[in-house]
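Reader: I would like to learn how to read strands, helices and ring pairs in a model. Please take the features one at a time.

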Amino acid sequence: MSNTTRPRILQRGRLLPQLESALAAEFDVHLLDAEQDNTAWLAEHGHTFVALTSSARYGADRALIDALPNLRVISSFGVGYETIDVAHARERGIQIGYTPDVLNDCVADTAFGLLMDAARRFSASDRFVRRGEWLAGQYPLTTRISGKKLGILGLGRIGRVIARRASGFDMEVRYHNRRALPDAPFAYEPTLHGLARWADFLVVASAGGAETRKLVDAGVLEALGPKGFLINISRGSVVDEAALLDALREGRIAGAGLDVFEREPQVPEAFFALDNAVLLPHVASATHETRQAMADLVFENLRSFFAEGHVKVAVP
Ligand code: 8YV
């Protein structure tokens with residue numbers, strides 16, 4: 001097919017090379033990031049695009065959607081969509097595809113990796129060996145994981161897989177959501193404070209966005225207490241980062257395992273000095289297998305839209 005007949009797609013942010021190649025073979029793709037002045041360029045060319053690819057990281061705000069007057073579909077790489085102005089896109093009748101479920105296992109694995117690392121201090125004791133300190137004495141004792149209490153904030157698709165992992169560690173699970181889930185085989189804690197007070201490990205697995213902003217605040221950390229650990233594989237915005245730093249510094253919680261931060265890729269330097277924090281660069285879904293599955297879904301969502309008039313997996 002010639003470029004004139006292929007649907008024209010605007011690409012926001014780089015995607016996996018194999019996804020970019022697959023898209024280029026079927027669509028007429030233009031990378032927005034290649035332009036110096038996005039606003040001026042969009043004013044001239046925005047009307048030529050019917051589709052937009054983006055990601056949880058870059059999203060699509062009102063200004064971008066408005067700059068694309070003929071936009072009919074957004075296909076986003078990621079399960080989080082708080083960076084997309086969904087309400088505005090809906091008003092315009094724009095469909096939005098995303099990539100849930102295919103990343104549940106890897107994100108749950110990462111939550112457990114962080115939990116184990118924070119409690120058993122694998123990264124910290126690795127640093128101890130590398131510094132040659134083992135020669136001078138044993139590494140201090142750490143905290144047992146098996147049989148402990150796991151509190152999950154946000155028992156959604158990923159939260160449920162984390163709970164399944166916990167059964168292999170004989171952990172008791174409770175959760176807090178806005179509402180109790182009738183089909184969940186775990187005890188519901190009606191308040192986040194109550195969950196934090198009960199839990200040895202509090203795992204944040206809720207969605208990001210305005211509704212969950214700073215839910216985990218100084219009071220929740222206080223309730224988690226000096227023996228409690230905070231794990232976050234959701235969004236940095238759900239945790240009050242300054243309060244978390246204070247709590248870690250002052251030993252008001254035992255430790256934290258964090259894959260996400262408030263202003264990625266900026267991580268406050270104060271974290272670097274804290275041996276009781278495990279810091280990852282937002283890699284929970286970043287395996288070859290899972291990122292490929294996400295890429296496939298970004299592609300299938302577009303293909304399905306242009307072939308059948310609807311994306312395969314739509315944002316609810
Ligand atoms: C990705 C994520 O890192 O799916 C999400 O919402 O946060 C991660 O899986 C992200 O999509 C990359 O932009």
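Predicted model: local features only at pLDDT ≥ 70, side-chain atom pairs only at ≥ 80, totals over all residues.

Reader: How many bridges hold β1 and β2 together, and which residue stands opposite Ile9?

Author: β1 and β2 pair over four bridges, in the parallel sense. Opposite Ile9 stands Val29 in β2. On to the next neighbour: β1 pairs with β3 over three bridges, again parallel, and Leu10 has Leu52 of β3 opposite. Further along, β3 (residues 51–55) and β4 (residues 73–77) are parallel partners over five bridges, with Ser54 opposite Ser76 in β4.

Reader: What should I keep in mind about side chains along a strand?

Author: In a regular strand the side chains alternate between the two faces of the sheet.

Reader: What kind of unit do β1, α1 and β2 make?

Author: They make a β-α-β unit, and that unit is right-handed.

Reader: How do I read the faces of a helix such as α1?

Author: Begin with the general idea. An α-helix has 3.6 residues a turn, so residues three or four places apart point the same way. In α1, the residues Leu19, Glu20 and Leu23 are buried. Their arc around the axis is only 100°, which means that they lie on the same side of α1. Pro17 and Ala25, on the other side of α1, are exposed.

Reader: Which elements do the buried residues of α1 pack against?

Author: They pack against β1, β2, β3 and α11.

Reader: Now the rings. What numbers describe a ring pair?

Author: A pair of aromatic rings is described by the distance of the centres and the angle of the planes. This structure holds ten aromatic pairs. One of them is formed by Phe27 and Phe299: 6.3 Å centre to centre and 70° between the planes, which is edge-to-face. Phe27 sits in the loop between α1 (17–26) and β2, while Phe299 is in helix α11, 272 residues apart, and the pair thus links distant parts of the chain.

Reader: Are Phe27 and Phe299 buried or exposed?

Author: Buried means under 20% relative accessible area. Phe27 has 3% and is therefore buried. Phe299 has 12%, so Phe299 is buried as well.

Reader: What geometry does the pair of Phe27 and Phe306 have?

Author: That pair is tilted, with 5.6 Å centre to centre and 45° between the planes. It also links distant parts of the chain: Phe27 is in the loop between α1 and β2, and Phe306 is in helix α11, 279 residues apart. Phe306 has a relative accessibility of 27%, so it counts as partly exposed.

Reader: Which residues do the ring pairs link into a cluster?

Author: The cluster consists of Phe27, Phe299, Phe305 and Phe306, linked by ring pairs.

Reader: Let us turn to β6. How many of its residues are buried?

Author: Strand β6 (residues 149–153) has four of its five residues buried and is mostly covered. β6 runs parallel to strand β7 (residues 172–176), joined by five bridges, and Leu150 stands opposite Val173 in β7.

Reader: Which residue of β9 is the bridge partner of Leu150?

Author: The partner is Phe201. β6 and strand β9 (residues 201–204) are parallel and pair over four bridges.

Key:
Residues numbered from 1 in each chain as written. Heavy atoms only, no water. Pairing = 2+ DSSP bridges. Helix = DSSP H or I, 4+ residues; strand = E, 2+ residues; numbered from the N terminus. Phe/Tyr/Trp six-rings, centres within 6.5 Å; stacked < 30°, edge-to-face > 60°. Buried < 20%, exposed > 50% of the residue type's maximum accessible area, 1.4 Å probe, protein only. Right-handed = clockwise from strand over helix to strand, strands pointing away. Arc of directions from axis to C-beta. Contact = heavy atoms within 4.5 Å.
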